[in-house]
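Trainee: I would like to learn how to read a fold from a model. Where should I begin?

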Amino acid sequence: MSADYLALPRRLTAAQVAQLTEELHLVPLRPFWPWAPTHFYVAPGLVVRVSSEDGEEFDVWAGAGHRSALAPLHNLPVDWIRFDG
């Protein structure tokens with residue numbers, strides 16, 4: 001949560017989340033918050049948190065230790081609030 005480089009999109013659809021996470025590895029943990037199931041995905045130098053209360057709109061946070069780890073996300077059709085890559 002205190003990553004040096006962030007990628008913060010506006011709320012995403014399930015299709016956008018699927019596209020964003022297709023190259024990432026799901027961390028095999030139980031969902032983090034019962035009222036808004038939260039999953040974590042990783043790639044080298046990158047952690048992505050995905051949560052949703054209704055399964056239709058998703059909150060996503062991506063953090064990286066180096067800006068180059070965010071580069072693969074740049075070309076996604078996503079409206080970024082903040083993108084440090």
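Mentor: We go from the overall fold to the core. Keep in mind that this is a predicted model.

Trainee: Which elements does the protein chain have, and in what order do they run?

Mentor: Start with the elements, then their order. The protein chain has 1 helix and 6 strands, and from the N terminus on they run β-α-β-β-β-β-β. The radius of gyration is 12 Å, close to the 12 Å from the globule rule for 85 residues, so the chain is as compact as a globular protein of that length. Its C-alpha atoms fill a box of roughly 30 × 25 × 20 Å along the principal axes.

Trainee: What share of the residues is buried?

Mentor: Burial is judged by relative accessible area, with under 20% as the cut-off. Buried residues make up 36% of the 85 in the protein chain.

Trainee: How much of the contact set links residues 24 or more positions apart?

Mentor: Take the contacts with a separation of 6 or more; residues 24 or more positions apart account for 49% of them.

Trainee: Which residues touch the most other members of the largest nonpolar core?

Mentor: That core has 19 residues, and Leu-20, Leu-46, Val-48 and Leu-73 touch the most other members. Helix 1 (14-21), strand 4 (46-51) and strand 5 (59-64) each give two or more residues to this core.

Trainee: What does Val-48 touch beyond four places away in sequence?

Mentor: Its partners there include Leu-20, Leu-24, Phe-40, Val-60 and Trp-61.

Notes:
Residues numbered from 1 in each chain as written. Predicted model: local features only at pLDDT ≥ 70, side-chain atom pairs only at ≥ 80, totals over all residues. Heavy atoms only, no water. Helix = DSSP H or I, 4+ residues; strand = E, 2+ residues; numbered from the N terminus. Rg over C-alpha atoms; globule rule 2.2 N^0.38 Å. Buried < 20%, exposed > 50% of the residue type's maximum accessible area, 1.4 Å probe, protein only. Contact = heavy atoms within 4.5 Å. Core = buried A, V, L, I, M, F, W, Y, C linked by side-chain atoms within 4.5 Å.
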